[in-house]
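Let's take a friendly walk through a protein model. Have the sequence and the 3D view open as you read.

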Amino acid sequence: MSAHFEERSGVVPCKTPWGSWYQTMEEVFVEVNVPHGTSGKEVKCHLGSRDIELHVKGEEVFKGKLFDTTMSDEATWTLEDKCLIRIILMKTNREAGNCWASLLEGEYCANAWVQDQMQRKLTLERFQRENPGFDFSGAEISGNFAGGGPDFSSLQK
């Protein structure tokens, strides 16, 4: 469901010196630009439930404690076209209100505008899941969207 929503509505990336990262309600995606011609043997990647480490050609790209916990047994990385590393982390907390403010604690933080756009995106994704008959991919949202948006669960259907 999330992938289809993302295809139609785009992503809100947080730019970094090495590439970018973005998120959905369920996953965090990390895209790292590496020198063209990089081989898989030159990549050392550790994906823990609370930490991450990436080295390319013996050089540390990043290392640290993740903003929140992930399911390490479902994390993956791939090397695409010998120039892009794509890392996919599965969030443990998959609620719309769980919008990561940074990839690592205190590092690669989303600025206020990007953070706002990420939270709006996750709120719309939540609305899409709760209302599968509607298309929220091109919707705009304003008002109470922080923390996952308004709670409609107490309303009668």
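## Helix 2 and its length

Helix 2 covers residues 112-130, and at 1.5 Å a residue its 19 residues should span 27 Å; the C-alpha atoms at its ends are 27 Å apart, which agrees. Keep in mind as you go that this is a predicted model.

What happens at the start of helix 2? There, a side-chain oxygen of asparagine 111 comes to within 3.1 Å of the backbone nitrogen of tryptophan 113. Further along, helix 2 has a set of buried residues, including Val114, Met118, Leu122 and Phe127. As background, an α-helix has 3.6 residues a turn, so residues three or four places apart point the same way.

## The whole chain

The protein chain contains two helices and ten strands. Read from the N terminus, the order of elements is α-β-β-β-β-β-β-β-β-β-β-α.

How much of the chain is buried? Of its 157 residues, 42% count as buried. The accessible surface comes to about 8600 Å², and carbon and sulfur atoms account for 51% of that. Look also at contacts between residues at least 6 apart in sequence: 57% of them join residues at least 24 apart.

## Strand 8 and its partners

Strand 8 spans residues 84-90, and five of its seven residues are buried, so this strand is largely enclosed by the rest of the structure. Which way do strand 3 and strand 8 run relative to each other, parallel or antiparallel? Strand 3 (residues 27-33) runs antiparallel to strand 8, and seven bridges join the two. To find this pairing in the 3D view, look for asparagine 33, which stands opposite leucine 84.

Strand 7 (residues 76-80) also pairs with strand 8 in the antiparallel sense, over five bridges. Here, threonine 78 stands opposite arginine 86. Strands 7 and 8 form a hairpin with three residues between them, and aspartate 81 in the turn has a positive phi of about 55°.

## Arginine 50 in its loop

Next, find arginine 50 in the loop that lies between strand 4 (43-47) and strand 5 (51-56). Is this residue buried, exposed or something in between? Arginine 50 has a relative accessible area of 24%, so it counts as partly exposed.

The side chain of arginine 50 reaches the backbone oxygen of leucine 66 at 2.2 Å, and that of phenylalanine 67 at 3.5 Å. Aspartate 68 is 18 residues away from arginine 50 along the chain, yet their C-alpha atoms are separated by 6.7 Å.

## Cysteines

How many disulfides does the model have? The count is zero. Cysteine 109 is in no disulfide: the nearest cysteine sulfur belongs to cysteine 14 and is 7.7 Å away. With 46% relative accessibility, cysteine 109 counts as partly exposed, whereas cysteine 99, at 8%, counts as buried.

## After helix 2

Finish with serine 142, in the segment that follows helix 2. Serine 142 has a relative accessibility of 62%, so it counts as exposed. Where is arginine 120 relative to serine 142? The two are 22 residues apart in sequence, and their C-alpha atoms are 8.1 Å apart in space.

Conventions
Residues numbered from 1 in each chain as written. Predicted model: local features only at pLDDT ≥ 70, side-chain atom pairs only at ≥ 80, totals over all residues. Heavy atoms only, no water. Helix = DSSP H or I, 4+ residues; strand = E, 2+ residues; numbered from the N terminus. Buried < 20%, exposed > 50% of the residue type's maximum accessible area, 1.4 Å probe, protein only. Polar contact = N/O pair within 3.5 Å; in protein donor to acceptor, adjacent residues only side chain to side chain. Expected span 1.5 Å × (residues − 1). Contact = heavy atoms within 4.5 Å. Areas by Shrake-Rupley, 256 points an atom, 1.4 Å probe, with all protein chains shown as cover. Disulfide = S-S within 2.5 Å. Pairing = 2+ DSSP bridges.
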